[in-house]
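This report walks through one structure, part by part. Keep the model open while you read.

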Amino acid sequence: YYLPLIAIHSITLLLLISSPTMSEQAEGSRGGLFGTGGRFSGQVDPIMEKFNESINFDKRMWSQDLRGSIAYAKATQKVGILTEEERDTIVAGLEKVMEEWAAGTFELKAGDEDIHTANERRLTEIIGPLGGKLHTGRSRNDQVATDTRLWIVEAERDILKDIATLLGASAEFAREHIDVLMAGYTHLQPAQPIRFAHWLMSHMAAIQRDAQRLTELIPRANQCPLGSGALAGNAFGVDREFLAKELGFEGVTSNSLDSVCDRDFVAEFLMWHSLFLVHLSQMAEDLIINNMLKCVDMADAYATGSSLMPQKKNPDALELLRGKAGVAIGRSVGLMATLKGLPRAYNKDLQEDKVPLFDAVDTVKDCLAIATGVVVTMKPNPKMLLKALCPEMLATDLADYLVRKGVPFRETHHIR
């Protein structure tokens with residue numbers, strides 16, 4: 001049963017290989033550094049070329065990619081692959097490429113499959129064939145792992161600064177409104193009187209835990225995979241400790257196979273950002289309810305109107321903060337589903353980590369800016385907050401008073 005199918009597939013494959021339409025199609029591109037020749041004799045399908053490329057999103061790692069290449073050029077000179085003059089020429093060329101990116105004048109061209117090939121293509125245009133020596137012993141597998149780790153560590157440190165701003169602004173707001181009372185709820189039912197400041201800082205306590213968790217992610221992400229090659233290490237014995245020091249990593253990864261396919265640091269960040277946005281969503285929900293009850297007024301800067309109803313002032317900033325959490329959870333689950341079936345070592349599936357990672361970082365930073373703005377501009381309405389208080393909220397205080405008078409608590413709890 002299977003032999004005829006195998007024969008049919010074999011004949012079909014031979015026909016495709018020898019087909020004039022395959023060999024005579026218009027000259028195309030296999031990437032700027034991967035033209036025809038060597039392993040491939042035919043051109044890549046234009047649809048496949050577009051399907052395969054990642055330059056449209058990974059170009060935001062241009063700085064990390066160039067920094068990694070500069071460090072790698074120095075490391076290869078130390079083991080005799082490059083002369084000092086060649087190293088200096090390559091480094092100077094890479095710095096010129098960096099200047100173009102910084103100035104916004106870098107020009108992407110057809111065949112720039114990803115940020116690595118784009119930068120190397122431009123380097124070769126600037127310094128000539130010598131640029132082809134840069135990649136000796138290096139793979140895009142360890143290159144992209146290095147770029148992504150550098151990028152995410154920088155992003156995490158930036159986010160921690162933004163979290164500190166939110167925490168500081170909230171603490172100051174709480175101090176200024178320390179005497180404002182409000183109703184505290186459990187199960188959305190009146191429970192006990194609390195301070196408005198206490199309510200606000202309860203949300204900041206969760207954000208503070210988020211900051212602690214994010215801080216703990218950085219040492220695991222901040223390990224250098226450069227020098228791992230495609231999977232089996234570097235044939236020229238480059239000094240990985242030197243590379244780690246040059247790039248500001250805390251250490252080196254321990255296994256080359258794992259180094260090129262490890263995306264735990266991305267998965268951890270996506271899990272972290274989903275929980276962080278859940279916490280912001282909870283604060284947003286509380287504020288939406290209090291805004292509806294006229295207990296808190298939101299600034300016009302963080303509200304929108306209705307296209308039909310002139311009187312409306314909608315707390316859209318808060319609703320979007322609440323909505324972002326669901327998308328965040330989806331990003332985390334999506335990447336985990338991608339990772340779960342991957343064999344060792346690198347597989348192209350891993351390219352799919354970039355879009356959710358970049359989106360997650362952008363979303364977190366946007367949400368932090370919005371949340372901070374909402375907090376510092378909102379106005380609690382002490383009269384309406386007091387109006388929500390009711391006598392039965394003091395029932396626990398009365399029970400505590402009777403306990404102090406010697407009545408067992410279980411008896412006080414049932415007194416009518």
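## A central phenylalanine

Beyond its neighbours within four places in sequence, Phe 276 is in contact (heavy atoms within 4.5 Å) with Ile 163, Ile 207, Asp 210, Val 364 and Leu 368.

The model is predicted: local features need pLDDT of at least 70, side-chain atom pairs count only at pLDDT 80 or more, and totals for chains, interfaces and linings use all residues. Numbering starts from 1 along each chain as its sequence is written, and side-chain values use heavy atoms, with hydrogens and water left out.

## Two cores

A nonpolar core is a set of buried Ala, Val, Leu, Ile, Met, Phe, Trp, Tyr and Cys residues joined through side-chain atoms within 4.5 Å. Buried means under 20% relative accessible area, exposed over 50%, and partly exposed in between (1.4 Å probe, protein chains only).

The largest nonpolar core has 58 residues. Phe 276 is among those with the most contacts inside it, as are Ile 159 and Trp 272. Helix α12 (264–292) supplies at least two residues of this core, and so does α8 (140–176). The largest share, 13 residues, comes from α12. A second, separate core has 27 residues, including Ile 70 and Leu 247.

Helices (H or I, at least four residues) and strands (E, at least two) are DSSP runs, numbered from the N terminus.

Strands β1 (residues 181–186) and β2 (residues 189–195) run antiparallel, joined by six bridges. Strands pair if DSSP finds at least two bridges between them. Ala 183 has Pro 193 as its bridge partner in β2.

His 187 is in the loop between β1 and β2. It has a positive phi of about 55 degrees, yet is not a glycine. His 187 counts as exposed because its relative accessibility is 75%.
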